[in-house]
Amino acid sequence: MAKDAPPRWDRRMQQRLARGEAAALGELYDRFATLVHGLAHRVLDDDSDADRVTREVFAHIWENPESYDPGQGPLRSWIAGLAHQHAVQRLRQTETAALARSGAGTAEDLERKVRQASVAARADYIVTSMPAPLRAALELAYFQRRDYRQTAADLGVTEDEARRRLRLGLQLLSTANDQRALHHRPRRAL
């Protein structure tokens, strides 16, 4: 199989959706609804808006299965990108309406809020998508304030391996602020 070829499951799922198989949409929803809702909630900070975005994303997928291009990356990344786009669109709508009602704030304030929410959602997506060994190393270093030596001991790996995992995890996270990367998710490492 070619290196850039999408997983078989992704291709089969797209084909099933294109044929209008309702069971395929249910399967896709079961697999990715939590991801979509989590990303939407991270941007919107509101459960009902995140629920609405989740419904919109899966409605879009059902109505436009051909809009997924397997050559651009995994189905999961495409769905996460849709969730991000829909959540940002909803945030802009609600914030613009709030600005109009109150007369407070500016368009720059709105765009800053949208950018911050986008970066935070992308960082969450990157962390949840990275391989467990990288995520474990970052969690030890960040949440438990372990240095690379302590991280190595906690994970039962060499210090060089702990440094490598931390460096790679941080490199992946550094792309969270890259606006060009919002539509091209990092491939899984390791």
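Trainee: How many aromatic pairs does the structure hold?

Mentor: The structure holds four aromatic pairs. A pair here means rings of Phe, Tyr or Trp (its six-membered ring) with centres within 6.5 Å. Keep in mind that this is a predicted model, where local features need pLDDT of at least 70, side-chain atom pairs count only at pLDDT 80 or more, and totals for chains, interfaces and linings use all residues. Residues are numbered from 1 along each chain as its sequence is written, and side-chain values use heavy atoms, with hydrogens and water left out.

Trainee: Why is F58 called buried?

Mentor: Buried means under 20% relative accessible area, exposed over 50%, and partly exposed in between (1.4 Å probe, protein chains only). F58 has 5%, so F58 is buried. Y29 has 40%, so Y29 is partly exposed.

Trainee: What about Y142 and F143, why is that pair edge-to-face?

Mentor: Their ring centres are 4.9 Å apart and their planes stand at 80 degrees, so this pair is edge-to-face as well. Y142 is exposed at 61%, and F143 is exposed at 63%.

Trainee: Why is α2 called oblique to α3?

Mentor: The axes of α2 (residues 22-44) and α3 (residues 47-63) come within 8 Å and cross at roughly 140 degrees. Angles under 35 degrees count as roughly parallel, over 145 as roughly antiparallel, 65 to 115 as roughly perpendicular and the rest as oblique. That makes α2 oblique to α3. The angle runs from 0 to 180 degrees between N-to-C directions, with axes fitted to C-alpha atoms over the stretch in contact.

Trainee: Which residues make the contact?

Mentor: Among them are Y29, F32 and V36 of α2 and V53, V57 and F58 of α3. Contact means heavy atoms within 4.5 Å.

Trainee: Is H86 buried or exposed?

Mentor: H86 has a relative accessible area of 15%, so H86 is buried. H86 lies in helix α4 (residues 75-102). Leaving aside neighbours within four places in sequence, H86 is in contact with V53, E56, V57 and H60.

Definitions and conventions
Helices (H or I, at least four residues) and strands (E, at least two) are DSSP runs, numbered from the N terminus. Rings of Phe, Tyr and Trp (its six-membered ring) pair if their centres lie within 6.5 Å; planes under 30 degrees apart count as stacked, over 60 as edge-to-face and the rest as tilted.
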